[in-house]
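Please read these notes with the model open beside them. They are meant for checking residue by residue.

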Amino acid sequence: MVDSSTLAGILRDRARLTPDRPAYLFLTDGEIESASLTWAELDRRARSQASALRREASAGDRALLLYPPGLDFIVAFFACLYARVVAVPAYPPRPRRDQPRLRAIVQDAEPKVVLTTHALLAGSEEILKREPSLRAPRWLGMDLTTGLTAGLEAVAEPDGQPEPGAPAFLQYTSGSTALPKGVVVSHAGLLHNERMIGEAFGLDENAVVVGWLPLYHDM
């Protein structure tokens with residue numbers, strides 16, 4: 001039986017039915033394949049990270065995702081879906097620069113945790129000095145260098161499925177003309193949008209989609 005009621009359910013089914021098929025590739029400079037994930041690898045890593053996430057946050061809490069372009073963001077996003085924590089994608093901060101947009105997002109979303117790469121985590125003290133509001137949430141390094149913890153996959157998700165209208169993630173506007181405003185994207189809304197894209201471009205399971213926008217982009 002295929003579960004197509006949530007994006008997380010679709011990933012679980014892909015991992016079960018086509019575990020070794022490529023799910024995502026990352027091309028450095030748009031040309032050099034530097035990282036890849038099969039459906040099974042993505043599912044396994046997302047479940048492992050979800051288990052770690054659930055030790056720090058509860059279902060419905062917000063998690064701020066601060067990742068540079070790459071596959072780390074994808075794993076962390078699915079980990080949030082598995083843990084039923086509401087992901088809040090944002091541009092990764094730049095050291096020694098003010099962060100007015102990020103400050104506004106943190107004040108509005110009130111994230112419980114910040115998920116980022118170990119590289120960004122290592123330089124977070126400089127960021128926190130310039131932006132004290134980011135000290136409130138707990139920072140967690142979660143990326144492809146994080147080792148998988150055996151035995152956690154079975155407990156990576158709370159019992160039951162989220163309601164279709166429950167928030168899947170918060171998408172904030174760019175903030176170029178005013179303070180960023182959060183838009184609640186529900187599980188049903190997310191899947192509806194994906195289906196519309198698939199129908200508009202005539203996609204099937206064998207299609208390869210190339211994207212160039214950063215995954216945290218407000219588009």
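1. Basis. This is a predicted model, in which local features need pLDDT of at least 70 and side-chain atom pairs count only at pLDDT 80 or more, while totals for chains, interfaces and linings use all residues. Residues are numbered from 1 along each chain as its sequence is written, and side-chain values use heavy atoms, with hydrogens and water left out.

2. Helix α2. Helices (H or I, at least four residues) and strands (E, at least two) are DSSP runs, numbered from the N terminus. Helix α2 covers residues 39-54, 16 residues in total, and spans 22 Å from its first C-alpha to its last. That is close to the expected 22 Å at 1.5 Å a residue, the expected span being 1.5 Å times one less than the number of residues.

3. Burial of α2. Buried means under 20% relative accessible area, exposed over 50%, and partly exposed in between (1.4 Å probe, protein chains only). The buried residues of α2 include W39, L42, D43, R47 and L53. Among the elements that cover the buried residues of α2 are α1 (7-17), β1 (22-28), β2 (32-38), α3 (71-83) and β5 (113-116).

4. Strand β5. In a regular strand the side chains alternate between the two faces of the sheet. In β5, V113 and L115 point one way, V114 and T116 point the other way, and all are buried.

5. Partners of β5. Two strands pair if DSSP finds at least two bridges between them. Strand β3 (residues 62-66) runs parallel to β5 and is joined to β5 by four bridges; strand β6 (residues 138-141) also pairs with β5 in the parallel sense, over four bridges. V114 stands opposite L64 and also opposite W139 in β6.

6. Positive phi. D29, in the loop between β1 and β2, has phi near 60 degrees, a positive value in a residue other than glycine. E110, in the loop between α4 (100-109) and β5, has a positive phi near 50 degrees and is likewise not glycine. D29 is exposed at 72% relative accessible area, and E110 is exposed at 56%.

7. Surface patch. Which residues make the nonpolar surface patch of about 400 Å²? They are I197, F201, L203 and V209. Accessible areas come from the Shrake-Rupley method with a 1.4 Å probe, and for residues only the protein chains shown count as cover. F201 lies in helix α7 (residues 187-201) and counts as exposed because its relative accessibility is 63%.

Conventions: Contact = heavy atoms within 4.5 Å. Patch = residues over 30% accessible without salt bridge, like charges linked within 9 Å, V, L, I, M, F, W, Y side chains within 5 Å. Salt bridge = Lys/Arg side-chain N within 4 Å of Asp/Glu carboxyl O.
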